[in-house]
Number of protein chains: 2
Amino acid sequence: MEKTDGNVSESGNEMTLDSVRDSLIRQEDSIVFSLIERAKFRFNSPTYQESNHYASIPGFSGSLIRFFVKESEFLQAKAGRYQNPEEHAFFPDELPPSSVPPHTFPLVLHPAAASINVNNKIWDFYFNKFLPLLTVPGDDGNYATTASSDLACLQAISRRIHYGNFVAEVKFRDAPHDYEPAIRAQDRDALMKLLTFEAVEEMVKKRVAKKAMTFGQEVSLNSTESKGEYKVDPPLVSRLYDEWIMPLTKLVEVEYLLRRLD
Amino acid sequence: MEKTDGNVSESGNEMTLDSVRDSLIRQEDSIVFSLIERAKFRFNSPTYQESNHYASIPGFSGSLIRFFVKESEFLQAKAGRYQNPEEHAFFPDELPPSSVPPHTFPLVLHPAAASINVNNKIWDFYFNKFLPLLTVPGDDGNYATTASSDLACLQAISRRIHYGNFVAEVKFRDAPHDYEPAIRAQDRDALMKLLTFEAVEEMVKKRVAKKAMTFGQEVSLNSTESKGEYKVDPPLVSRLYDEWIMPLTKLVEVEYLLRRLD
């Protein structure tokens, strides 16, 4: 296995269906790790309250999580994070320019990709639907670490979903004639059908559940047997993929293909 | 298994040798996850160059990593991270006060713990010795993500090492008479001897290598057999514990005990 298999920058213009698939598989590990780390903490509702609790942060009103993600993205933008076409900010407006020497990432995507950002949908499902299922209710006071763990989850999930741009590009290059009629007709439903492979989706759901079992087990020297207790619930990770990650990835793919011939 | 077993705030004043041990074991998982995530990227030397490459960051000269960690800690301090006695900053000077409502963390430690910070030693071994062993040489351009992954590693390792304060406290409470003579004599060597259990250290080294194998394997649906390729080198994780994490944890324990009767 190539250690750097997750990096577009490695495969460059020789990006293939296989290299894209390898990246998606590697990204599953990152997502499962980030979920396990978030689940260590309680739900910690003060992190999310849209009240004036945090009015003492100069120049900011709103929840701690919004403050934290916005400020983190501001800092990461200065460090050049969004130079990489794999990365998308949750608060893309008013980001500062990168202050680091530019790196030339290979031009793989149609320029239309730059305008596709579904992070508002990710924010919505993650905080309103998924997080209460992932965490134990209660408050352990670790709001900053909680926010930092949420950011890691959000970024890993966002990278996976927006990787749909690359998925769509390699699928298109592989068989342009299959996609062109639906693109010219701007037919979303036809594109969605072309991009849906139920057997593959079932396999992904099984694999991420297995990863949750493997990475979320208690590893001890005495035995390799699990006690059947995991740090994240394996069916919940399947559900995360089934209900949110895979549909939103396909939405990105459709949005990208609709503009692929512009 | 209690999902929140890693949190001091849960166990509070009922902290026991067992709960401390459970936290140390859970923290091993976090450390291995963070190493796997950092190893995804190349060494990426521009992240560490102390040159004037980054002079375009207003008001800052020095390496990107120093800028990134310093600014991240500034933000996390505002969000209250350092309210938790488990957390220690790498750049503790000039941190802003917390802007979030205070949470009452149980008072477990002697106040002397607040003055113990070995993060400069962690910074040194991590960047100068460990990182070149962890990563593949080269440059993939992901400097911001690299810096962010380094921060996750540094914070996980720092939390583990400074947890030595809690380890020392429960050991002291468990058998104060064993430690008092060496503390009164301010005898570092005697304390170090009292705190060293070679059989336990060997077990920890084996367990973290097993975790590297378990969490760093390629999980596939077809087989549970590993191809013997891991995302981080298991003996390197043992060595990280052997050469740096366990000695520095014991240093923190000794420093704490030396002041325990003040």
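The model is predicted. B:Thr145 sits in helix 5 of chain B. Its relative accessible area is 8%, so the residue is buried.

The interface was then examined as a whole. In chain B, 67 residues are in contact with 67 residues of chain A. The size of an interface is often given as the accessible area lost when the parts come together. Here chain B and chain A bury about 6,200 Å² between them. Carbon and sulfur atoms account for 60% of that area. The two chains are joined by 4 salt bridges. Polar contacts across the interface involve 15 residue pairs, both residues being at pLDDT 80 or more. On the chain B side, two or more residues each come from helix 1 (8-11), helix 2 (17-39), helix 3 (64-78), helix 5 (143-162) and helix 9 (198-215). By class, this side has 24 nonpolar, 21 polar and 22 charged residues.

Helix 9 of chain A contacts elements of both chains. Its buried residues pack against helix 2 (17-39) and helix 10 (234-258) of chain A, together with helix 2 and helix 9 of chain B. Among these buried residues are A:Val204, A:Arg207, A:Val208, A:Lys211 and A:Phe215. Helix 9 of chain A comprises 18 residues (198-215), and at 1.5 Å a residue it should span 26 Å. The end C-alpha atoms are 26 Å apart, which agrees.

Salt bridges were counted over all chains, giving 40. Side chains of opposite charge can pair when their charged atoms come close. A:Asp29 forms a salt bridge with B:Lys231, the closest N and O atoms being 3.0 Å apart. A:Glu50 and A:Arg66 form another, with 3.7 Å between the closest N and O atoms. A:Glu50 is in the loop between helix 2 and helix 3 (64-78) of chain A, whereas A:Arg66 is in helix 3, 16 residues apart. A:Glu50 counts as exposed, at 53% relative accessibility. A:Arg66 is partly exposed, with a relative accessible area of 30%.

A:Arg239 is partly exposed at 35% relative accessibility, and A:Glu243 is partly exposed at 39%. Elsewhere, salt bridges that share partners join A:Glu28, A:Asp29, A:Arg207, A:Lys211 and B:Lys231 into one network.

A:Leu236 also belongs to helix 10 of chain A. At 9% relative accessibility, A:Leu236 counts as buried. Apart from neighbours within four places in sequence, A:Leu236 is in contact with A:Phe130, A:Leu133 and A:Leu134. A:Leu236 and A:Leu133 are 103 residues apart in sequence, yet their C-alpha atoms are 7.8 Å apart.

Helix 6 (residues 164-174) of chain A is mostly covered, with 9 of its 11 residues buried. Among them are A:Phe166, A:Val167, A:Glu169, A:Lys171 and A:Phe172.

Key
Residues are numbered from 1 along each chain as its sequence is written. Chains are lettered from A and ligands numbered from 1 in the order in which they are written. This is a predicted model: local features need pLDDT of at least 70, side-chain atom pairs count only at pLDDT 80 or more; totals for chains, interfaces and linings use all residues. Side-chain values use heavy atoms; hydrogens and water are left out. Contact means heavy atoms within 4.5 Å. Buried area is the accessible area (1.4 Å probe) that two parts lose on being put together, summed over both. A salt bridge is a side-chain nitrogen of Lys or Arg within 4 Å of a carboxyl oxygen of Asp or Glu. A polar contact is a pair of N or O atoms within 3.5 Å; within protein, one must be able to donate a hydrogen and the other to accept it, and residues adjacent in sequence count only if both atoms are side-chain atoms. Helices (H or I, at least four residues) and strands (E, at least two) are DSSP runs, numbered from the N terminus. Ala, Val, Leu, Ile, Met, Phe, Trp, Tyr, Cys and Pro count as nonpolar, Asp, Glu, Lys and Arg as charged, and the others, Gly among them, as polar. The expected span of a helix is 1.5 Å times one less than its number of residues. Buried means under 20% relative accessible area, exposed over 50%, partly exposed in between (1.4 Å probe, protein chains only).
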